[in-house]
Structures are given as C-alpha cells and as structure tokens.
Amino acid sequence: MSLEFLKKIDLFNTLSDEALAEVAGKLSREEIPAGLLLTERDIPMTCLYMVESGRIAAIEVNEEGAERTVAEFEAGDCFGEIPLLTGEPCSVTTKAIQDTVVLVLFKVNFDELLSRNPSLNRHCIELLSQRLR
C-alpha cells in the first residue's frame with residue numbers, strides 16, 4: 001500500500017507520513033466483482049471504502065426495483081466516512097459497476113485512528129461540516 005495513494009484521499013491528506021503508515025497498516029484489500037453490492041440503504045456501515053481501481057455506483061432503488069445512479073466512485077475516491085462518523089445507516093446502496101479493488105478500513109480501526117490522531121479527528125469534522133451544508 002502506497003502512502004502516496006493515501007495522500008490523495010481527502011480524508012487522509014492532512015496526516016503525517018507516520019500517521020499514514022498507521023492507516024495503511026489497518027487496511028485490507030478486497031477484490032469486488034462487477035455487480036456485487038458493497039452497502040445497502042438503511043443498513044449500518046461497518047467500514048470505510050477507498051477505491052484503488054474500478055468503479056462503484058451509489059444507487060437509489062425505487063419501490064418497483066428500478067435503479068438510479070446518484071454518484072460514482074473511481075480510483076482515489078472514498079465513501080462511507082459519514083455513516084461511520086454519525087452512526088447513521090447508509091443513505092444509498094453501492095454496487096461495483098466493473099471489477100473493482102477497494103481498500104477497507106473497519107469501524108473499530110477507524111475509531112482507534114480518530115482517537116490517536118487529533119488532526120484526523122478535526123479534519124473529519126471539517127469534511128463532515130462541508131458535506132452537510
């Protein structure tokens with residue numbers, strides 16, 4: 001896992017190399033085949049996802065089962081941080097729209113990083129404030 005990749009992720013771009021190495025040590029790498037759901041609307045999130053390669057769609061599904069893409073995530077994007085910070089369930093379903101590789105940071109590790117890195121904690125609050133406006 002390259003620290004340079006983590007430096008490109010908005011959530012981690014203010015961290016020192018030492019803190020980034022700590023983050024890198026807590027990540028797992030998963031290969032997600034096209035069509036697989038990563039998250040489902042109204043289900044609590046258990047991890048943060050960072051897209052290393054491929055594409056993920058955030059979709060809404062209506063009562064008839066029709067899907068509508070509301071966002072797409074590509075290499076260098078991350079998602080899931082807001083539900084991890086707020087404790088709210090996921091607001092959309094996410095699905096791999098092509099074979100994708102993600103880096104996963106589980107909530108227990110994310111919480112530990114927040115408690116050990118005040119600058120990450122502050123940065124998360126700033127990002128959350130910006131996104132909720």
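**View 1. Strand E8 and its cover.** Strand E8, residues 100-106, is mostly covered, with six of its seven residues buried. Buried stands for under 20% relative accessible area, exposed for over 50%, and partly exposed for values in between, with a 1.4 Å probe and protein chains only. Strands (E, at least two residues) and helices (H or I, at least four) are DSSP runs numbered from the N terminus. The model is predicted: local features need pLDDT of at least 70, side-chain atom pairs count only at pLDDT 80 or more, and totals for chains, interfaces and linings use all residues. Residues are numbered from 1 along each chain as its sequence is written, and side-chain values use heavy atoms, with hydrogens and water left out.

**View 2. Pairing of E8 with strands E1 and E3.** Strand E1 (residues 28-32) runs antiparallel to E8, and five bridges join them. Strand E3 (residues 47-53) also pairs with E8 in the antiparallel sense, over six bridges. Two strands are taken as paired if DSSP finds at least two bridges between them. Leu103 in E8 stands opposite Arg29 and is also the bridge partner of Met50. In a regular strand, side chains alternate between the two faces of the sheet.

**View 3. Surroundings of Glu72.** Glu72 lies in strand E5, which covers residues 67-73. Its relative accessible area is 38%, so Glu72 counts as partly exposed. Apart from neighbours within four places in sequence, Glu72 is in contact with Arg55, Ile56, Ala57, Asp77 and Ile97; contact means heavy atoms within 4.5 Å. Val102 is 30 residues from Glu72 along the chain, and their C-alpha atoms are separated by 14 Å.

**View 4. The protein chain as a whole.** Five helices and eight strands make up the list of elements in the protein chain, and their order along the sequence is α-α-β-β-β-β-β-β-α-β-β-α-α. The radius of gyration is 15 Å, close to the 14 Å that the globule rule gives for 133 residues, so the protein chain is as compact as a globular protein of that length. That radius is taken over C-alpha atoms, and the rule is 2.2 Å times the number of residues to the power 0.38. The C-alpha trace spans about 50 × 30 × 25 Å along its principal axes. Of the 133 residues, 41% count as buried. Among contacts with a separation of 6 or more, 73% join residues 24 or more positions apart.
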